[in-house]
Amino acid sequence: VIETMLNAETWFRRDRAPFDTFGRELLPAIGRVRPNGLVRVWSAGCSTGEEVYSLAMLLTDQLQLDASSASLQLFATDIDERAISVGRAGLYPQAIITDVPPARLRHYFIKEDDHYRIRKEIREKVLFAKHSLLSDPPFSQIDLIVCRNLLIYLDREVQREILQMFHFALRPGGFLFLGSSESADACQELFTPIDKRNRIFRAKTGTA
């Protein structure tokens, strides 16, 4: 059963429309919340790391655009140790050029033979760790949780438990970014949709 949940199909800027909306609307809000502090992001079910590195690049771009002195800390977790080791190395095949814009490729990658490696300054912002959403304790004081295309493999009651855990992990008013076929409707008392079409939700405050 666990093997069927290990969806390793991941790439840079998967589902472009939600990520474009995310970059345009959500990232500036996160940057404004922590203008001089630490922005903490959790990528749950990160697989081989393309998505969390995309987030790191988007956030780095946005903080520079806002002339913010905030710093970034991204946690990337998965139950697949092999996938985590790929993400930690940050080395990807040349085929990524079809998904990564040329300017970002120049700015954030180094060519190594027929591969591209994420530059060290981005890799250092991301901490990869083995973690089970079903049994391990969550992180805390998180500004943004990204968990895309993982909840669809779980029944509604388990989804509810994970959403409750995500709400606990988020700062008041923190954001949750889900996959295109997922929703936080199982915990309507905990999350408010701010962009239902692109599956972006905000943690309600004042709830246990």
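Modeller: Happy to! Two rings of Phe, Tyr or Trp count as a pair here if their centres lie within 6.5 Å, with the six-membered ring standing for Trp. Please keep in mind that this is a predicted model. By that rule there are six aromatic pairs. Take tryptophan 42 and phenylalanine 139 to begin with: their ring centres are 5.0 Å apart and their planes stand at 75°, so the pair is edge-to-face, the word used for angles over 60 degrees. Tryptophan 42 belongs to strand β1 (residues 38-44), while phenylalanine 139 sits in the loop between β6 (126-130) and β7 (142-147), so this pair ties together parts that are 97 residues apart in sequence. Both tryptophan 42 and phenylalanine 139 are buried. Ring pairs also join these two with Phe75 and Phe166, giving a cluster of Trp42, Phe75, Phe139 and Phe166.

Another edge-to-face pair is made by phenylalanine 109 and tyrosine 116, with 6.4 Å from centre to centre and 90° between the planes. Phenylalanine 109 and tyrosine 116 are buried as well. Tyrosine 116 has a charged neighbour too: lysine 111 lies over its face, 5.4 Å from the ring centre. A charge over a ring turns up again at phenylalanine 177, where the charged end of arginine 148 sits 4.7 Å from the ring centre.

Conventions:
Residues are numbered from 1 along each chain as its sequence is written. This is a predicted model: local features need pLDDT of at least 70, side-chain atom pairs count only at pLDDT 80 or more; totals for chains, interfaces and linings use all residues. Side-chain values use heavy atoms; hydrogens and water are left out. Rings of Phe, Tyr and Trp (its six-membered ring) pair if their centres lie within 6.5 Å; planes under 30 degrees apart count as stacked, over 60 as edge-to-face and the rest as tilted. Helices (H or I, at least four residues) and strands (E, at least two) are DSSP runs, numbered from the N terminus. Buried means under 20% relative accessible area, exposed over 50%, partly exposed in between (1.4 Å probe, protein chains only). A charge sits over a ring if NZ of Lys or CZ of Arg is within 6 Å of the ring centre and within 35 degrees of the ring normal.
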